[in-house]
Structure formats: C-alpha cells, structure tokens
Amino acid sequence: MASGIEAVQDGRIHIEKINYPFLYTLNASGAEFGAGIKRAVEKGWLELHESGTYVRLLKAVGT
C-alpha cells in the first residue's frame, strides 16, 4: 500500500497516508495496522521514524 503513495521530503510517507486507507478502505483495526507496520519494519520494507509520524519505503515487497 505504501508503494503507491507519493513520498514527500527525503522519501518520507506521512503515517496517516497509509493509516487511513488501511483502517477505512480495508476496514482493519488499529491493532492490525500496528502489526502490519511492525512486520514491514521487521522484513526491512519500511523504516518507521522514532516519532511515529512517518515511514520511509526501503525496498519493494517481495524482493
């Protein structure tokens, strides 16, 4: 989902740009969103800023 969102300065993607579609388009829960972000970080797909306000896409899913 994050790969289809235009990044801002330094490749940052504001967390609400992926949070909203995940929660409301996919009807997921906050716990599922948190687990998904955690998994993407563990897999090396995303970097989550310590503030939690943005992520940075590191590599395409499946690579």
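User: Is phenylalanine 33 buried or exposed?

Analyst: Phenylalanine 33 counts as buried because its relative accessibility is 12%, where buried means under 20% relative accessible area, exposed over 50% and partly exposed in between, with a 1.4 Å probe and protein chains only. This is a predicted model in which local features need pLDDT of at least 70 and side-chain atom pairs count only at pLDDT 80 or more, while totals for chains, interfaces and linings use all residues. Residues are numbered from 1 along each chain as its sequence is written, and side-chain values use heavy atoms, with hydrogens and water left out.

User: Which residues make up the largest nonpolar core?

Analyst: That core has nine residues, among them Phe33, Ile37, Ala40 and Leu46; a nonpolar core is a set of buried Ala, Val, Leu, Ile, Met, Phe, Trp, Tyr and Cys residues joined through side-chain atoms within 4.5 Å. Helix 1 (15-25) and helix 2 (30-42) each supply at least two of its residues, helices being DSSP runs of H or I with at least four residues, numbered from the N terminus.

User: Switching topic, how many salt bridges are there?

Analyst: The structure holds one salt bridge, meaning a side-chain nitrogen of Lys or Arg within 4 Å of a carboxyl oxygen of Asp or Glu. Arginine 56 forms this bridge with glutamate 47, and their closest N and O atoms are 2.8 Å apart.

User: And how exposed are those two?

Analyst: Arginine 56 is partly exposed, at a relative accessible area of 23%, and glutamate 47 is also partly exposed, at 36%.
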